[in-house]
Amino acid sequence: MYLGIALMFGSMGPMIGLLQTPAAGWSIALVLTALSGSLATGWAFMFQRRRWWFLLLIPLILFPIFGIPALMRLIWEWPVMRLGTGMSETARRITLIAMAITWISLGFTIIVRYIARIERGGARAKAELALAAQIHASLVPAIDTAWGPLRVLGSSDPSGAMGGDLIDAVATDDRLDLFLADVSGHGVRAGVVMGMLKAMLRTALREGGEPSHHLSTLNQVLAELCEPSMFATGVWIRFSRAEPASGEPAQSRNCITAQVVVAGHPPVLLVRRLATPTEQQACELLGGDSLPLGVVPAEPFAARTITLAPGDTLVLYTDGLTEAADRDARQLGIEGLSDLIARTDLSDPSRARRDILASIRATRTSEDDQTLVIVRCAKPEPRV
(Lines give C-alpha, C1' and ligand atoms only; values in the text may rest on other atoms or scores of the structure.)
Protein backbone atom coordinates (compact mmCIF):
# COMPACT_ATOMS: atom_id res chain seq x y z
CA MET A 1 0.00 0.00 0.00
CA TYR A 2 2.76 2.44 0.96
CA LEU A 3 4.70 1.62 -2.21
CA GLY A 4 1.63 2.30 -4.34
CA ILE A 5 1.04 5.63 -2.59
CA ALA A 6 4.69 6.61 -2.97
CA LEU A 7 4.67 5.89 -6.70
CA MET A 8 1.35 7.58 -7.45
CA PHE A 9 2.19 10.78 -5.57
CA GLY A 10 5.81 10.53 -6.65
CA SER A 11 4.57 11.32 -10.16
CA MET A 12 4.39 14.93 -8.95
CA GLY A 13 8.20 15.05 -9.20
CA PRO A 14 8.34 14.82 -13.03
CA MET A 15 5.31 17.14 -13.24
CA ILE A 16 7.17 19.77 -11.23
CA GLY A 17 10.12 19.29 -13.56
CA LEU A 18 7.83 19.97 -16.54
CA LEU A 19 6.84 23.34 -15.08
CA GLN A 20 10.44 24.55 -15.08
CA THR A 21 11.92 26.48 -17.99
CA PRO A 22 13.89 24.81 -19.37
CA ALA A 23 12.50 21.45 -18.28
CA ALA A 24 14.46 19.70 -15.55
CA GLY A 25 16.72 16.75 -16.26
CA TRP A 26 15.61 13.24 -15.34
CA SER A 27 18.01 13.07 -12.35
CA ILE A 28 16.36 16.08 -10.71
CA ALA A 29 12.95 14.53 -11.51
CA LEU A 30 14.01 11.36 -9.67
CA VAL A 31 14.96 13.40 -6.57
CA LEU A 32 11.62 15.24 -6.69
CA THR A 33 9.87 11.86 -7.14
CA ALA A 34 11.52 10.51 -3.99
CA LEU A 35 10.64 13.63 -1.99
CA SER A 36 6.99 13.74 -3.16
CA GLY A 37 6.49 10.02 -2.60
CA SER A 38 8.06 10.16 0.86
CA LEU A 39 5.82 13.04 1.94
CA ALA A 40 2.69 11.24 0.69
CA THR A 41 3.74 8.04 2.47
CA GLY A 42 4.33 10.00 5.66
CA TRP A 43 0.82 11.46 5.57
CA ALA A 44 -0.69 8.02 4.87
CA PHE A 45 1.28 6.48 7.73
CA MET A 46 0.20 9.27 10.08
CA PHE A 47 -3.50 8.77 9.35
CA GLN A 48 -3.21 4.99 9.64
CA ARG A 49 -1.26 5.07 12.89
CA ARG A 50 -3.52 7.59 14.55
CA ARG A 51 -2.05 6.95 17.96
CA TRP A 52 1.21 8.70 17.01
CA TRP A 53 -0.09 11.25 14.51
CA PHE A 54 1.13 14.23 16.52
CA LEU A 55 4.75 13.05 16.18
CA LEU A 56 4.58 13.36 12.37
CA LEU A 57 2.26 16.31 11.88
CA ILE A 58 4.78 19.11 12.46
CA PRO A 59 7.61 17.53 10.37
CA LEU A 60 5.24 16.83 7.48
CA ILE A 61 4.11 20.47 7.45
CA LEU A 62 7.53 22.08 7.92
CA PHE A 63 9.65 19.84 5.68
CA PRO A 64 8.13 20.98 2.34
CA ILE A 65 8.49 24.61 3.42
CA PHE A 66 12.02 24.60 4.82
CA GLY A 67 13.52 21.14 4.35
CA ILE A 68 13.11 20.64 0.60
CA PRO A 69 14.60 24.05 -0.41
CA ALA A 70 17.54 23.50 1.93
CA LEU A 71 18.10 19.99 0.60
CA MET A 72 17.96 21.13 -3.03
CA ARG A 73 20.51 23.90 -2.36
CA LEU A 74 22.77 21.32 -0.74
CA ILE A 75 22.74 18.82 -3.60
CA TRP A 76 22.25 21.21 -6.53
CA GLU A 77 25.97 21.39 -7.33
CA TRP A 78 26.50 17.64 -7.30
CA PRO A 79 27.49 16.35 -10.74
CA VAL A 80 24.77 13.70 -10.63
CA MET A 81 22.15 16.45 -10.67
CA ARG A 82 23.27 17.38 -14.21
CA LEU A 83 22.30 14.03 -15.68
CA GLY A 84 19.74 14.49 -18.45
CA THR A 85 20.39 18.20 -18.89
CA GLY A 86 22.28 17.57 -22.12
CA MET A 87 19.10 16.38 -23.83
CA SER A 88 17.04 18.65 -26.01
CA GLU A 89 14.04 20.45 -24.50
CA THR A 90 11.62 18.18 -26.33
CA ALA A 91 13.47 15.04 -25.24
CA ARG A 92 13.48 16.26 -21.64
CA ARG A 93 9.72 16.84 -21.65
CA ILE A 94 9.00 13.48 -23.27
CA THR A 95 11.20 11.78 -20.67
CA LEU A 96 9.47 13.54 -17.76
CA ILE A 97 6.01 12.74 -19.16
CA ALA A 98 7.01 9.08 -19.56
CA MET A 99 8.31 9.02 -15.96
CA ALA A 100 5.08 10.53 -14.60
CA ILE A 101 2.90 8.06 -16.54
CA THR A 102 5.10 5.15 -15.41
CA TRP A 103 4.91 6.09 -11.72
CA ILE A 104 1.13 6.58 -11.88
CA SER A 105 0.61 3.28 -13.73
CA LEU A 106 2.82 1.29 -11.37
CA GLY A 107 1.33 2.89 -8.27
CA PHE A 108 -2.23 2.37 -9.46
CA THR A 109 -1.52 -1.28 -10.32
CA ILE A 110 0.05 -1.98 -6.93
CA ILE A 111 -2.81 -0.33 -5.03
CA VAL A 112 -5.45 -2.21 -7.06
CA ARG A 113 -3.68 -5.52 -6.37
CA TYR A 114 -3.46 -4.62 -2.69
CA ILE A 115 -7.19 -3.81 -2.54
CA ALA A 116 -8.02 -7.06 -4.38
CA ARG A 117 -5.97 -9.04 -1.88
CA ILE A 118 -7.68 -7.32 1.03
CA GLU A 119 -11.08 -8.03 -0.53
CA ARG A 120 -10.20 -11.70 -0.97
CA GLY A 121 -9.08 -11.86 2.63
CA GLY A 122 -12.24 -10.05 3.74
CA ALA A 123 -14.45 -12.42 1.76
CA ARG A 124 -12.63 -15.40 3.24
CA ALA A 125 -12.95 -13.95 6.75
CA LYS A 126 -16.64 -13.22 6.15
CA ALA A 127 -17.21 -16.80 5.03
CA GLU A 128 -15.36 -18.11 8.07
CA LEU A 129 -17.42 -15.89 10.38
CA ALA A 130 -20.63 -17.10 8.72
CA LEU A 131 -19.49 -20.69 9.26
CA ALA A 132 -18.62 -19.89 12.88
CA ALA A 133 -22.11 -18.44 13.38
CA GLN A 134 -23.65 -21.62 11.94
CA ILE A 135 -21.49 -23.78 14.21
CA HIS A 136 -22.49 -21.68 17.23
CA ALA A 137 -26.18 -21.97 16.35
CA SER A 138 -25.86 -25.75 16.13
CA LEU A 139 -23.84 -26.08 19.34
CA VAL A 140 -25.89 -23.64 21.41
CA PRO A 141 -29.49 -23.78 20.20
CA ALA A 142 -32.23 -22.04 22.13
CA ILE A 143 -33.80 -24.19 24.84
CA ASP A 144 -37.55 -24.61 25.27
CA THR A 145 -38.00 -27.85 27.18
CA ALA A 146 -40.83 -29.18 29.30
CA TRP A 147 -40.06 -31.92 31.81
CA GLY A 148 -42.70 -32.88 34.37
CA PRO A 149 -43.79 -29.68 36.09
CA LEU A 150 -40.72 -27.80 34.81
CA ARG A 151 -40.40 -25.55 31.79
CA VAL A 152 -36.88 -24.55 30.81
CA LEU A 153 -36.54 -21.61 28.47
CA GLY A 154 -33.34 -19.85 27.46
CA SER A 155 -30.93 -18.83 24.74
CA SER A 156 -27.44 -17.42 24.33
CA ASP A 157 -26.72 -14.29 22.30
CA PRO A 158 -23.04 -14.13 21.30
CA SER A 159 -21.30 -10.77 21.06
CA GLY A 160 -19.88 -11.78 17.67
CA ALA A 161 -20.29 -14.56 15.16
CA MET A 162 -19.31 -17.11 17.80
CA GLY A 163 -19.43 -16.88 21.55
CA GLY A 164 -18.09 -18.68 24.58
CA ASP A 165 -21.38 -19.14 26.46
CA LEU A 166 -22.93 -22.60 26.56
CA ILE A 167 -26.38 -23.78 27.56
CA ASP A 168 -27.49 -27.38 27.32
CA ALA A 169 -30.40 -29.42 28.65
CA VAL A 170 -30.59 -33.22 28.49
CA ALA A 171 -33.78 -34.93 29.68
CA THR A 172 -34.46 -38.57 30.47
CA ASP A 173 -37.43 -40.23 32.11
CA ASP A 174 -36.14 -39.79 35.64
CA ARG A 175 -34.09 -36.60 35.49
CA LEU A 176 -33.24 -33.39 33.66
CA ASP A 177 -29.67 -32.07 33.49
CA LEU A 178 -29.25 -28.36 32.83
CA PHE A 179 -25.79 -26.95 32.20
CA LEU A 180 -24.66 -23.37 31.71
CA ALA A 181 -21.04 -22.30 31.16
CA ASP A 182 -19.14 -19.14 30.31
CA VAL A 183 -15.69 -19.57 28.76
CA SER A 184 -13.27 -16.73 29.41
CA GLY A 185 -13.12 -14.19 26.61
CA HIS A 186 -15.34 -14.30 23.56
CA GLY A 187 -15.13 -14.90 19.85
CA VAL A 188 -13.91 -17.96 17.96
CA ARG A 189 -11.19 -18.80 20.50
CA ALA A 190 -13.69 -19.05 23.33
CA GLY A 191 -16.16 -20.80 21.01
CA VAL A 192 -13.68 -23.62 20.34
CA VAL A 193 -13.29 -24.28 24.07
CA MET A 194 -17.08 -24.05 24.46
CA GLY A 195 -17.58 -26.73 21.79
CA MET A 196 -15.01 -28.95 23.46
CA LEU A 197 -16.75 -28.45 26.80
CA LYS A 198 -20.13 -29.47 25.37
CA ALA A 199 -18.66 -32.62 23.85
CA MET A 200 -17.12 -33.60 27.18
CA LEU A 201 -20.40 -32.83 28.95
CA ARG A 202 -22.49 -35.03 26.66
CA THR A 203 -19.92 -37.83 26.97
CA ALA A 204 -19.98 -37.60 30.76
CA LEU A 205 -23.78 -37.83 30.83
CA ARG A 206 -23.64 -41.16 29.00
CA GLU A 207 -21.42 -42.59 31.72
CA GLY A 208 -23.77 -41.82 34.63
CA GLY A 209 -22.64 -40.43 37.95
CA GLU A 210 -23.20 -37.26 39.94
CA PRO A 211 -22.75 -33.71 38.57
CA SER A 212 -20.01 -32.87 41.06
CA HIS A 213 -18.00 -35.89 39.88
CA HIS A 214 -18.44 -34.95 36.23
CA LEU A 215 -17.36 -31.36 36.90
CA SER A 216 -14.20 -32.62 38.59
CA THR A 217 -13.38 -34.63 35.47
CA LEU A 218 -14.15 -31.70 33.15
CA ASN A 219 -12.02 -29.47 35.34
CA GLN A 220 -9.01 -31.78 35.10
CA VAL A 221 -9.29 -32.10 31.31
CA LEU A 222 -9.60 -28.34 30.78
CA ALA A 223 -6.64 -27.68 33.06
CA GLU A 224 -4.53 -30.10 31.01
CA LEU A 225 -5.57 -28.94 27.53
CA CYS A 226 -6.15 -25.19 27.81
CA GLU A 227 -3.80 -22.29 28.37
CA PRO A 228 -3.68 -20.82 31.90
CA SER A 229 -5.67 -17.80 30.72
CA MET A 230 -8.49 -20.00 29.40
CA PHE A 231 -11.03 -21.21 31.93
CA ALA A 232 -14.78 -21.60 32.22
CA THR A 233 -17.29 -20.82 34.92
CA GLY A 234 -20.33 -23.05 35.04
CA VAL A 235 -23.49 -24.20 36.74
CA TRP A 236 -24.84 -27.76 36.62
CA ILE A 237 -28.34 -28.43 37.93
CA ARG A 238 -29.83 -31.93 38.01
CA PHE A 239 -33.59 -32.05 38.47
CA SER A 240 -35.40 -35.15 39.68
CA ARG A 241 -38.83 -35.85 41.11
CA ALA A 242 -38.96 -35.56 44.87
CA GLU A 243 -40.25 -38.58 46.73
CA PRO A 244 -42.70 -37.49 49.44
CA ALA A 245 -42.03 -38.80 52.91
CA SER A 246 -44.69 -40.78 54.72
CA GLY A 247 -47.39 -38.56 56.10
CA GLU A 248 -46.71 -35.67 53.65
CA PRO A 249 -49.63 -34.34 51.60
CA ALA A 250 -50.16 -35.66 48.09
CA GLN A 251 -49.37 -32.29 46.49
CA SER A 252 -45.76 -32.71 47.58
CA ARG A 253 -45.47 -35.12 44.65
CA ASN A 254 -45.47 -32.05 42.47
CA CYS A 255 -42.18 -30.93 43.99
CA ILE A 256 -38.83 -31.24 42.22
CA THR A 257 -35.44 -31.89 43.78
CA ALA A 258 -32.55 -29.94 42.28
CA GLN A 259 -28.84 -30.57 42.84
CA VAL A 260 -27.04 -27.30 42.16
CA VAL A 261 -23.29 -27.27 41.55
CA VAL A 262 -21.63 -23.88 40.94
CA ALA A 263 -18.09 -23.70 39.52
CA GLY A 264 -16.89 -20.12 39.92
CA HIS A 265 -20.06 -18.80 38.27
CA PRO A 266 -22.32 -15.96 39.45
CA PRO A 267 -24.98 -17.34 41.81
CA VAL A 268 -28.20 -18.84 40.51
CA LEU A 269 -31.24 -16.76 41.46
CA LEU A 270 -34.12 -18.59 43.15
CA VAL A 271 -37.53 -16.91 43.38
CA ARG A 272 -39.94 -18.74 45.67
CA ARG A 273 -43.69 -18.67 45.07
CA LEU A 274 -45.55 -16.03 47.01
CA ALA A 275 -47.28 -17.36 50.11
CA THR A 276 -49.78 -14.50 50.06
CA PRO A 277 -50.75 -11.98 47.38
CA THR A 278 -49.32 -9.17 49.49
CA GLU A 279 -45.90 -10.80 49.96
CA GLN A 280 -42.95 -9.11 48.25
CA GLN A 281 -41.20 -11.29 45.68
CA ALA A 282 -37.48 -11.68 46.40
CA CYS A 283 -34.46 -13.55 45.02
CA GLU A 284 -32.36 -16.05 46.94
CA LEU A 285 -28.74 -16.45 45.80
CA LEU A 286 -27.49 -19.99 45.23
CA GLY A 287 -23.73 -19.60 44.92
CA GLY A 288 -20.66 -21.68 45.62
CA ASP A 289 -17.06 -21.40 46.77
CA SER A 290 -15.44 -23.44 43.99
CA LEU A 291 -13.03 -21.98 41.46
CA PRO A 292 -13.84 -21.97 37.72
CA LEU A 293 -13.15 -25.01 35.59
CA GLY A 294 -9.61 -25.33 34.30
CA VAL A 295 -7.85 -23.32 37.02
CA VAL A 296 -6.82 -25.88 39.65
CA PRO A 297 -6.88 -29.54 38.50
CA ALA A 298 -7.78 -30.92 41.96
CA GLU A 299 -10.51 -28.35 42.74
CA PRO A 300 -13.49 -29.95 44.58
CA PHE A 301 -17.08 -29.17 43.56
CA ALA A 302 -19.87 -29.53 46.09
CA ALA A 303 -23.56 -29.93 45.30
CA ARG A 304 -26.35 -28.10 47.10
CA THR A 305 -29.78 -29.73 47.11
CA ILE A 306 -32.97 -27.69 47.08
CA THR A 307 -36.64 -28.48 46.53
CA LEU A 308 -38.75 -26.62 44.02
CA ALA A 309 -42.47 -26.34 44.57
CA PRO A 310 -45.06 -25.21 42.02
CA GLY A 311 -44.58 -21.47 41.47
CA ASP A 312 -40.83 -21.47 42.18
CA THR A 313 -38.45 -20.12 39.53
CA LEU A 314 -34.72 -20.46 38.90
CA VAL A 315 -32.83 -17.88 36.82
CA LEU A 316 -29.40 -18.66 35.33
CA TYR A 317 -27.31 -16.06 33.49
CA THR A 318 -23.81 -15.07 32.46
CA ASP A 319 -21.83 -11.95 33.33
CA GLY A 320 -22.64 -10.42 29.97
CA LEU A 321 -25.89 -9.31 31.65
CA THR A 322 -24.57 -8.30 35.07
CA GLU A 323 -21.68 -6.38 33.49
CA ALA A 324 -23.94 -4.47 31.10
CA ALA A 325 -23.23 -0.79 31.74
CA ASP A 326 -25.22 2.40 31.33
CA ARG A 327 -23.95 5.67 29.86
CA ASP A 328 -22.11 6.45 33.10
CA ALA A 329 -20.29 3.08 32.92
CA ARG A 330 -22.21 1.76 35.92
CA GLN A 331 -22.72 -1.98 35.67
CA LEU A 332 -26.02 -3.64 36.45
CA GLY A 333 -24.48 -6.13 38.88
CA ILE A 334 -26.03 -9.15 40.54
CA GLU A 335 -28.03 -6.96 42.91
CA GLY A 336 -29.46 -4.94 40.04
CA LEU A 337 -30.41 -8.09 38.14
CA SER A 338 -32.00 -9.54 41.28
CA ASP A 339 -34.09 -6.42 41.76
CA LEU A 340 -35.17 -6.50 38.12
CA ILE A 341 -36.21 -10.15 38.34
CA ALA A 342 -38.04 -9.52 41.61
CA ARG A 343 -40.15 -6.91 39.81
CA THR A 344 -40.90 -9.20 36.85
CA ASP A 345 -43.93 -11.44 36.50
CA LEU A 346 -42.38 -14.90 36.15
CA SER A 347 -45.58 -16.85 35.58
CA ASP A 348 -44.90 -16.92 31.83
CA PRO A 349 -41.16 -17.76 31.35
CA SER A 350 -41.15 -16.71 27.69
CA ARG A 351 -42.60 -13.29 28.39
CA ALA A 352 -40.48 -12.88 31.54
CA ARG A 353 -37.26 -13.60 29.66
CA ARG A 354 -38.22 -11.18 26.90
CA ASP A 355 -39.10 -8.43 29.40
CA ILE A 356 -35.88 -8.87 31.40
CA LEU A 357 -33.64 -8.67 28.34
CA ALA A 358 -35.58 -5.74 26.89
CA SER A 359 -35.31 -3.83 30.17
CA ILE A 360 -31.54 -4.34 30.35
CA ARG A 361 -30.81 -3.57 26.69
CA ALA A 362 -32.97 -0.46 26.67
CA THR A 363 -30.49 1.46 28.83
CA ARG A 364 -27.32 -0.66 28.95
CA THR A 365 -24.77 -2.13 26.58
CA SER A 366 -22.38 -5.05 26.87
CA GLU A 367 -19.51 -6.30 24.72
CA ASP A 368 -19.76 -9.82 26.14
CA ASP A 369 -22.00 -12.77 25.30
CA GLN A 370 -25.39 -12.60 27.01
CA THR A 371 -27.19 -15.73 28.21
CA LEU A 372 -30.38 -15.99 30.23
CA VAL A 373 -32.19 -19.20 31.24
CA ILE A 374 -35.43 -19.37 33.22
CA VAL A 375 -36.67 -22.56 34.88
CA ARG A 376 -40.28 -22.38 36.05
CA CYS A 377 -41.89 -25.03 38.22
CA ALA A 378 -45.58 -25.16 37.42
CA LYS A 379 -48.41 -27.54 38.19
CA PRO A 380 -47.80 -30.70 36.19
CA GLU A 381 -50.16 -31.86 33.52
CA PRO A 382 -52.33 -34.80 34.58
CA ARG A 383 -51.01 -38.14 33.39
CA VAL A 384 -53.11 -40.11 30.94
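Which helix gives the most to the lining of the second largest pocket?

1. **Before you start.** This is a predicted model, in which local features need pLDDT of at least 70, side-chain atom pairs count only at pLDDT 80 or more, and totals for chains, interfaces and linings use all residues. Residues are numbered from 1 along each chain as its sequence is written, and side-chain values use heavy atoms, with hydrogens and water left out.

2. **The second largest pocket.** The answer is α3, with 6 residues. Helices here are DSSP runs of H or I with at least four residues, numbered from the N terminus. On a 1 Å grid over the protein atoms alone, a pocket is an open set of points with protein on both sides within 12 Å along at least five of seven lines, and lining residues have an atom within 4 Å of a point. This pocket holds about 190 Å³ of space; a volume is the space filled by probe spheres set on the points, which are joined across faces, edges and corners.

3. **Its lining.** Of the 13 lining residues, Ile16, Leu32, Leu35, Ser36 and Ile68 lie nearest the centre of the pocket. At least two residues come from each of α2 (12-19), α3 (26-48) and α4. By class, 11 are nonpolar, 2 polar and none charged. Nonpolar covers Ala, Val, Leu, Ile, Met, Phe, Trp, Tyr, Cys and Pro; charged covers Asp, Glu, Lys and Arg; the others, Gly among them, are polar.

4. **The largest cavity.** A cavity is a set of grid points where a 1.4 Å probe fits but cannot get out. The structure has 1 cavity of 30 Å³ or more. Look for Ala24, Gly25, Trp26, Gly84, Met87, Arg92, Thr95 and Leu96, which line the largest cavity. Helix α5 gives the most to this lining, with 3 residues.

5. **Trp78.** You will find Trp78 in the loop between α4 (53-75) and α5 (89-139).

6. **Lys198.** Now turn to helix α6 (residues 188-207), where Lys198 lies. Lys198 has a relative accessible area of 10%, so Lys198 is buried. The C-alpha atoms of Lys198 and Leu139 are separated by 7.9 Å, although these residues are 59 residues apart along the chain.

Definitions and conventions
Buried < 20%, exposed > 50% of the residue type's maximum accessible area, 1.4 Å probe, protein only.
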